[in-house]
Amino acid sequence: MVTESRGGSRPLVAVLDYGSGNVHSAVKALDAAGADARLTSDRGLVLEADGLVVPGVGAYRAVAEALRASHGDELIDRRLAGGRPVLGICVGMQVFFERGVERGVDTEGLGAWPGVVTELEAPVLPHMGWNTVDAGEGSRLFRGIQDERFYFVHSFGAQKWLLDVQPPFPQPVLTWCTYGEPFLAAVENGPLSATQFHPEKSGDAGIRLLANWIDGLGTANL
């Protein structure tokens, strides 16, 4: 569902509007990266857009409950079942794991990936500011920006990867970051990608990462 602009065709990217914090910076960053980005809760647009971005700000439970209350979880499941690209950001990454435990509150996630999101093992929390990542081999998201820094704001994360993918299915590409202990900074798993950091707050490197994701939208189903 590409749209026309004076600069040519721009993939249509829906930014899921389910009541999660300030997401307008994500829309602006996606536009700067080459997409026609639209903040929307329209069911048809969410399902048919070339790409869907799931932002996430705040507590794991609040994000998971808001997604379910708005039926966003069902729309995400339908897209993934059809091989349609989805990108989660920050808590929008965390909720794709089975569970999140925050200050004793255990919440069921969307369950795309096994594992539990827990508090980082670090002397100072939150992990806030710029950090480098160890990009996974063959990463498309980090193509050309493997040595850049990205902006993190979080106290919780996925510190283990438990999904066992067997051939002929391709192995997920895992990108790690270390703050106290290693945690997952990004995952690329078929149509589902996600980053723990905020690309929209990561300057030029974040724009380039979003552009890498957008560039892959036209080939995701080939």
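The model is predicted, so local features need pLDDT of at least 70 and side-chain atom pairs count only at pLDDT 80 or more, while totals for chains, interfaces and linings use all residues. Residues are numbered from 1 along each chain as its sequence is written, and side-chain values use heavy atoms, with hydrogens and water left out.

**Helix α4**

- Helix α4 covers residues 72–81, and its buried residues are Gly 72, Asp 73, Leu 75, Ile 76 and Arg 79; buried means under 20% relative accessible area, exposed over 50% and partly exposed in between, with a 1.4 Å probe and protein chains only.
- Helices (H or I, at least four residues) and strands (E, at least two) are DSSP runs, numbered from the N terminus.
- Down the axis of α4, the buried residues fall within an arc of 160°, so they line one face of the helix; the arc is that of the directions from the helix axis to the C-beta atoms.
- Arg 78 and Ala 81 are exposed on the face of α4 turned away from the buried side.
- The cover over the buried residues of α4 includes β3 (12–16), α2 (43–48), β5 (51–54), α3 (60–69) and β6 (86–89).

**Helix α1**

- In helix α1 (residues 24–32), the buried residues are Ala 26, Val 27, Ala 29 and Leu 30.
- These buried residues lie within an arc of 165° when α1 is seen down its axis, so they line one face of the helix.
- Lys 28 and Ala 32 are exposed on the other side of α1.
- Packed against the buried residues of α1 are β3, β4 (36–40), β5 and α6 (203–215).
- Just after α1 comes Gly 34, with a positive phi of about 115°.

**His 154**

- His 154 belongs to strand β11 (residues 149–154), and it is buried, with a relative accessible area of 5%.
- The His 154 side chain reaches the backbone oxygen of Phe 156 at 2.8 Å.
- Apart from neighbours within four places in sequence, His 154 is in contact (heavy atoms within 4.5 Å) with Leu 120, Pro 126, His 127, Phe 183 and Gln 196.

Note on methods. A polar contact is a pair of N or O atoms within 3.5 Å; within protein, one must be able to donate a hydrogen and the other to accept it, and residues adjacent in sequence count only if both atoms are side-chain atoms.
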